[in-house]
Amino acid sequence: MMTVKQALAKVASQHEALRARMDHCTELADEVEKQGSSPDKLAQELAELRGAFERHNRFEEDMLRPILRTIVETLRVDGIASAHVAEHRELDHRFSDSPLGELRTTIAMLRDHLAEEEAHFSLAANRAIRTGAK
Ligand SMILES: [Fe+2]
Ligand SMILES: [Fe+2]
């Protein structure tokens with residue numbers, strides 16, 4: 001079983017990989033728009049971003065409750081965890097159903113999602129260090 005500290009390190013490195021994929025998708029979208037290049041490569045990279053996001057969410061959702069338990073009272077963990085999972089589903093839905101023109105908005109929403117959870121997770125990391133939890 002992975003410790004909270006190990007899980008947070010893995011989440012952080014997966015976030016970096018997701019951000020690199022988002023940067024790449026944005027560059028490809030620029031090329032399609034400005035240079036009229038074929039959207040095939042963008043569609044392929046987008047499919048890879050969605051796959052990586054899905055795999056990341058599966059990992060994060062398994063670890064969400066143990067991570068949250070280090071920063072909030074047990075009673076509130078379920079509510080916060082379900083709201084977080086609902087946000088994953090909404091983002092995934094936007095990636096699958098939105099026209100390509102919505103891509104930038106969806107990527108911006110995903111960037112906000114990662115930044116916000118990192119703020120919460122860094123509290124968990126500090127708490128784990130202070131209490132000596134592994
Ligand atoms: Fe998340
Ligand atoms: Fe995440």
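Colleague: How many residues does α3 have, and how far does α3 reach from its first C-alpha to its last?

Modeller: In this predicted model, α3 has 24 residues and reaches 35 Å from its first C-alpha to its last, which is close to the 34 Å expected at 1.5 Å a residue.

Colleague: And is α3 buried or in the open?

Modeller: The number of buried residues among the 24 of α3 is 1, so α3 lies largely in the open. Threonine 74, whose place is in α3, counts as exposed because it has 9 C-beta neighbours inside 10 Å and the limit for exposed is 12 or fewer.

Colleague: Staying with threonine 74, how far apart in space are threonine 74 and alanine 115?

Modeller: Their C-alpha atoms are 24 Å apart, while in sequence threonine 74 and alanine 115 are 41 residues apart.

Colleague: OK, what about the way α2 and α3 pack, at what angle is that?

Modeller: Helix α2, residues 40-69, and helix α3, residues 74-97, pack at an angle of about 175°, and their axes are 9 Å apart. Angles over 145 degrees count as roughly antiparallel, and α2 and α3 are therefore roughly antiparallel to each other.

Colleague: Which residues meet there?

Modeller: From α2 the contact includes Arg50, Phe53, Glu54 and Leu64, and from α3 it includes Thr74, Val77, Ile80 and His84. The residues of this contact of α2 with α3 divide into 8 nonpolar, 4 polar and 6 charged.

Colleague: Let me step back to the whole chain: how many helices and strands does it have?

Modeller: The chain has 4 helices and 0 strands, and from the N terminus on its elements run α-α-α-α. Along its principal axes the C-alpha trace spans about 55 × 25 × 25 Å.

Colleague: What share of the residues in the chain is buried?

Modeller: Buried residues make up 19% of the 134 residues in the chain. As for contacts between residues at least 6 apart in sequence, 67% of them join residues at least 24 apart.

Colleague: Which residues form the largest nonpolar core?

Modeller: That core has 11 residues, among them Met22, Cys25, Leu28, Leu42, Phe53, Leu103 and Leu114, and α1, α2 and α4 (103-131) each supply at least two residues of it. One of its members, methionine 22, touches Leu49, Ile107, Leu110 and Arg111, if residues up to four places away in sequence are not counted.

Colleague: Now α1, which of its residues are buried?

Modeller: In α1 the buried residues are Val4, Ala7, Leu8, Val11, Arg21, Met22, Cys25 and Leu28. The helix has 32 residues and reaches 46 Å from its first C-alpha to its last, close to the 46 Å expected at 1.5 Å a residue. Just after α1, glycine 36 takes a positive phi of about 60°.

Colleague: What is alanine 29 in contact with, leaving aside its neighbours within four places in sequence?

Modeller: Alanine 29 is then in contact with Leu42, Leu103 and Arg104. The C-alpha atoms of alanine 29 and lysine 41, which are 12 residues apart along the chain, are separated by 9.5 Å.

Conventions: Residues are numbered from 1 along each chain as its sequence is written. Chains are lettered from A and ligands numbered from 1 in the order in which they are written. This is a predicted model: local features need pLDDT of at least 70, side-chain atom pairs count only at pLDDT 80 or more; totals for chains, interfaces and linings use all residues. Axes are lines fitted to C-alpha atoms, for helices over the stretch in contact, and angles run from 0 to 180 degrees between N-to-C directions. Angles under 35 degrees count as roughly parallel, over 145 as roughly antiparallel, 65 to 115 as roughly perpendicular and the rest as oblique. Two residues are in contact if their C-beta atoms, placed from the backbone, lie within 7 Å. Ala, Val, Leu, Ile, Met, Phe, Trp, Tyr, Cys and Pro count as nonpolar, Asp, Glu, Lys and Arg as charged, and the others, Gly among them, as polar. A residue is buried if 20 or more other C-beta atoms lie within 10 Å of its own, exposed if 12 or fewer, and partly exposed in between; C-beta atoms are placed from the backbone. The expected span of a helix is 1.5 Å times one less than its number of residues. A nonpolar core is a set of buried Ala, Val, Leu, Ile, Met, Phe, Trp, Tyr and Cys residues joined through C-beta atoms within 7 Å.
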